[in-house]
Amino acid sequence: EIRKYDQQVKIVVKGLWFASPRAIESIRPLSDSNVVYAFHMYTPPFLTLQRRFGSPGFSYPGFVPHWLNCPYDKVEITRTFIYDLLKDTVYKWQMKHCIPSNQILVAEFGICREVHGACEYLTDVLAIFREFKWNWLLFSFRDDEWDALDYELGTDMNNMLYRSATEMFLDVAKHFH
């Protein structure tokens, strides 16, 4: 219906299950070059969103349980794991439907700033996004309501007010151009 009024505006379409990369298969592509297909990258959430899930102690790279209540069923999270996950889900879907890379958007991604190895995680996922030539949005820059992903605050969880050009922030900032 929107195309009746505007043929040029970009429309962002996300999949099910919190727009997980694994759920991109739920999207049926449209024959419209102004549609952007998006997903969120918090894989695995027990690592990247530790504060939200109350699952402290995981590091990147490292082993993370598939489910918090199954501590013995673990997977090793490395750059290779993340690359393979995105290649086998998003990239495979993209190629199957002949979607140009400029129509793929990582609409959210990040990792809690206190996670050991967070800087390396961000560097790795950004390199993967660049390799696939996908556009991306970092969540959440200077969010006053949830400071877990505010990389200017550094890794000290007691710091919620004093922003500076931390190592983590500078590593991410170099990817902007």
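P44 sits in the loop between β2 (35-41) and α2 (45-48), where helices (H or I, at least four residues) and strands (E, at least two) are DSSP runs numbered from the N terminus. This is a predicted model, in which local features need pLDDT of at least 70 and side-chain atom pairs count only at pLDDT 80 or more, while totals for chains, interfaces and linings use all residues. Residues are numbered from 1 along each chain as its sequence is written, and side-chain values use heavy atoms, with hydrogens and water left out.

**Backbone geometry**

- Most peptide bonds are trans, and most residues other than glycine have a negative phi.
- The peptide bond from T43 to P44 is cis, with omega near -10 degrees.
- A cis peptide bond also runs from Y60 to P61, with omega near -10 degrees, and P61 lies in the loop between α3 (50-53) and β3 (62-65).
- A19, which belongs to helix α1 (residues 16-19), has a positive phi near 60 degrees, and A19 is buried (under 20% relative accessible area) at 4% relative accessibility.
- C98, in the loop between α4 and β5 (104-109), has a positive phi near 55 degrees, and C98 is exposed (over 50%) with a relative accessible area of 67%.

**Helices α4 and α5**

- The axes (lines fitted to C-alpha atoms over the stretch in contact, with angles from 0 to 180 degrees between N-to-C directions) of α4 (residues 79-96) and α5 (residues 118-132) come within 10 Å and cross at roughly 35 degrees.
- Residues making the contact (heavy atoms within 4.5 Å) include I82, Y83 and L86 of α4 and V125, I128 and F129 of α5.

Technical notes: Buried means under 20% relative accessible area, exposed over 50%, partly exposed in between (1.4 Å probe, protein chains only).
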